[in-house]
There are 2 protein chains.
Amino acid sequence: MRVGILGYGNLGRGVEAAIRQNSDMELVAVVTRRPPESLKIATEGVGVYHIDDIKNLTDMIDVLIICGGSATDLPVQTPEYVKYFNVIDSFDTHARIPEHFANVDKAAGESGKVAIISVGWDPGMFSLNRMYAGAILPEGNDYTFWGKGVSQGHSDAIRRIEGVVDARQYTIPVEKALEAVRSGDAPTLSAREKHTRECFVVAEEGADLARIENEIKTMPNYFADYDTTVHFISLDELRRDHSGIPHGGVVIRSGVTGFNKEHKHVIEYSLKLDSNPEFTSSVLVAYARAAYRMNKEGQKGCKTVLDVAPAYLSQMSGEELRKKLL
Amino acid sequence: MRVGILGYGNLGRGVEAAIRQNSDMELVAVVTRRPPESLKIATEGVGVYHIDDIKNLTDMIDVLIICGGSATDLPVQTPEYVKYFNVIDSFDTHARIPEHFANVDKAAGESGKVAIISVGWDPGMFSLNRMYAGAILPEGNDYTFWGKGVSQGHSDAIRRIEGVVDARQYTIPVEKALEAVRSGDAPTLSAREKHTRECFVVAEEGADLARIENEIKTMPNYFADYDTTVHFISLDELRRDHSGIPHGGVVIRSGVTGFNKEHKHVIEYSLKLDSNPEFTSSVLVAYARAAYRMNKEGQKGCKTVLDVAPAYLSQMSGEELRKKLL
């Protein structure tokens with residue numbers, strides 16, 4: 001399988017690294033909006049191409065993994081490039097998925113290619129687990145907790161405050177809430193009861209720290225509904241202690257069975273990730289295998305993780321899977 | 001969807017209860033080897049039929065859920081009845097799955113029906129999670145822990161000892177081992193380090209308790225390789241405190257990503273089940289929906305949970321799933 005990467009940020013580099021862990025795949029091209037000669041990629045002998053020349057690569061690439069952002073890149077790129085390639089994206093604006101799906105499905109239906117959208121862990125593996133658990137236990141409650149991990153959106157929101165040089169925000173699940181859910185008690189939990197927010201902030205010299213802290217803690221949507229802690233640290237400390245991009249989370253469904261609903265069951269799926277982008281990349285690469293295989297079988301159109309039979313993701317044959325894994 | 005149940009033990013009764021939680025399904029027949037008039041089922045107005053008459057029910061049943069045992073029932077029943085019905089079974093003798101698959105696939109290919117075998121939680125949901133996690137993190141280690149829960153096989157082994165009236169054996173994961181695995185350290189663990197075994201035994205009056213305890217603890221395969229605790233209790237206590245069939249377990253994969261394999265990730269799936277048979281039944285019922293839909297689309301042959309696209313399990317449409325769950 002010959003794989004191309006479009007967009008060479010954290011996610012694109014993660015895909016490059018992940019391809020090396022899959023012996024049936026080969027990286028054949030990195031495509032960028034930047035001047036190609038300005039890009040130094042990690043894999044020797046692989047061409048870097050400008051996005052304007054992407055249509056010349058159709059014979060060379062079996063699946064294109066699109067590593068752009070959900071706000072402005074993917075809504076344009078995925079429907080456009082599925083005209084020429086099987087594609088994978090990690091579109092993660094939950095509310096706009098139906099619209100994105102419709103656009104990509106139309107283009108993929110016309111081109112005869114397969115697109116798998118919204119691949120990653122949420123949406124992605126978390127969605128899968130919500131779906132499986134809900135189908136198995138129709139009477140029950142779903143809970144999703146995020147963290148402990150860095151929220152890019154919340155970190156950015158702090159950076160926009162006057163007097164802030166840099167910031168890192170961690171979302172942290174409340175252990176007591178997790179325990180209550182795990183017990184099968186099906187509690188009703190407010191935003192504040194589920195997560196706390198911890199902020200590490202580098203301020204300009206002489207900035208009014210009390211004002212900054214107050215602006216953070218009272219920021220609507222982002223922080224006002226949570227118990228938020230603010231720590232002011234130096235830029236050196238931020239770089240030394242908070243340069244990673246860890247994340248993770250937990251999806252739990254608790255439900256009941258029995259003629260009198262007398263038996264409780266708890267299904268839990270959890271992730272602890274040292275690198276959020278590298279894990280997402282690893283999921284993208286597994287689904288790239290699926291897109292390639294499904295298209296080879298004659299399938300076309302837009303899919304999500306909910307539409308892909310699990311065995312398509314594995315390097316093993318059906319026979320091996322049944323023997324070794326089932 | 002009109003569902004039939006073959007075999008009315010714990011699993012069959014669990015299926016009967018689970019069907020009531022799925023508004024798109026209806027129980028239409030219970031089939032048994034016993035005299036039908038001797039069977040009292042929980043659902044009014046549903047016919048009970050003798051297994052000799054099962055071929056008369058083909059027009060009435062969309063999917064037959066076969067609730068027999070893996071040792072002698074399913075190897076015969078599943079290949080036989082897939083000649084007439086879409087079928088689901090919970091065949092769980094891991095080592096014999098390839099052979100069972102081949103037999104069922106041959107018969108299903110000829111009849112044009114769909115069979116989904118080895119449905120449940122292990123094999124079943126645990127297999128699925130081992131497969132997804134292995135495809136996402138190709139470099140890593142798998143761990144499966146079972147319990148805390150009742151092992152039917154180990155309880156039976158104790159009951160065969162002279163002087164034992166009844167017994168219940170709990171398999172318990174060792175918390176320290178779980179923690180080591182969750183840390184991402186990828187330890188090598190012996191059987192003894194992963195699970196302990198706790199036995200509650202009712203002995204005949206005047207039986208030699210020391211001999212019974214010794215026979216349990218030294219029993220090869222079942223107990224000799226584990227730290228085993230034996231408690232002698234009365235029959236009343238056994239009935240009062242150990243009549244449930246709880247089970248559960250944990251599947252963990254820890255793996256690495258990055259150009260220098262510098263980032264660790266831990267994927268964990270866990271189940272805590274008040275009733276092992278009722279949870280298994282709930283999984284069977286969700287896959288019954290999938291078998292029916294796949295066959296309606298023209299698919300045939302033997303499948304496992306690894307071959308079934310997740311969306312087939314859900315009562316929701318693709319559109320609803322994308323909007324509400326993804």
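**Salt bridges and a sheet, in questions**

Being four residues apart in helix α8 (residues 209-217) of chain A, Arg211(A) and Glu215(A) have about one helical turn between them. Keep in mind that this is a predicted model.

Student: How far apart are the closest N and O atoms of Arg211(A) and Glu215(A)?
Tutor: Both are partly exposed, Arg211(A) at 27% relative accessibility and Glu215(A) at 32%. They form a salt bridge, and the closest N and O atoms lie at 2.9 Å.

Student: Is Arg289(A) buried or exposed?
Tutor: Arg289(A) sits in helix α10 (residues 276-296) of chain A, 265 residues from Asp24(A) in the loop between α1 and β2. The two form a salt bridge, with N and O 2.7 Å apart at the closest. Asp24(A) is partly exposed at 24%. Buried means under 20%, and Arg289(A) has a relative accessible area of 2%, so Arg289(A) is buried.

Student: Which strands of chain B stand at the edges of the sheet?
Tutor: Four strands make an open, mixed sheet, in the order β8-β9-β10-β11 (chain B). An edge strand has a single partner, so one side is left without a neighbour in the sheet; here those strands are β8 (149-150) and β11 (227-232) of chain B.

Student: And which residue is the bridge partner of Gly149(B) in β9(B)?
Tutor: β8(B) and β9(B) (residues 164-173) pair in the antiparallel sense, over two bridges. In one of the bridges between them, Gly149(B) has as its partner Thr171(B).

Technical notes:
Residues are numbered from 1 along each chain as its sequence is written. Chains are lettered from A and ligands numbered from 1 in the order in which they are written. This is a predicted model: local features need pLDDT of at least 70, side-chain atom pairs count only at pLDDT 80 or more; totals for chains, interfaces and linings use all residues. Side-chain values use heavy atoms; hydrogens and water are left out. Two strands pair if DSSP finds at least two bridges between them. A salt bridge is a side-chain nitrogen of Lys or Arg within 4 Å of a carboxyl oxygen of Asp or Glu. Buried means under 20% relative accessible area, exposed over 50%, partly exposed in between (1.4 Å probe, protein chains only).
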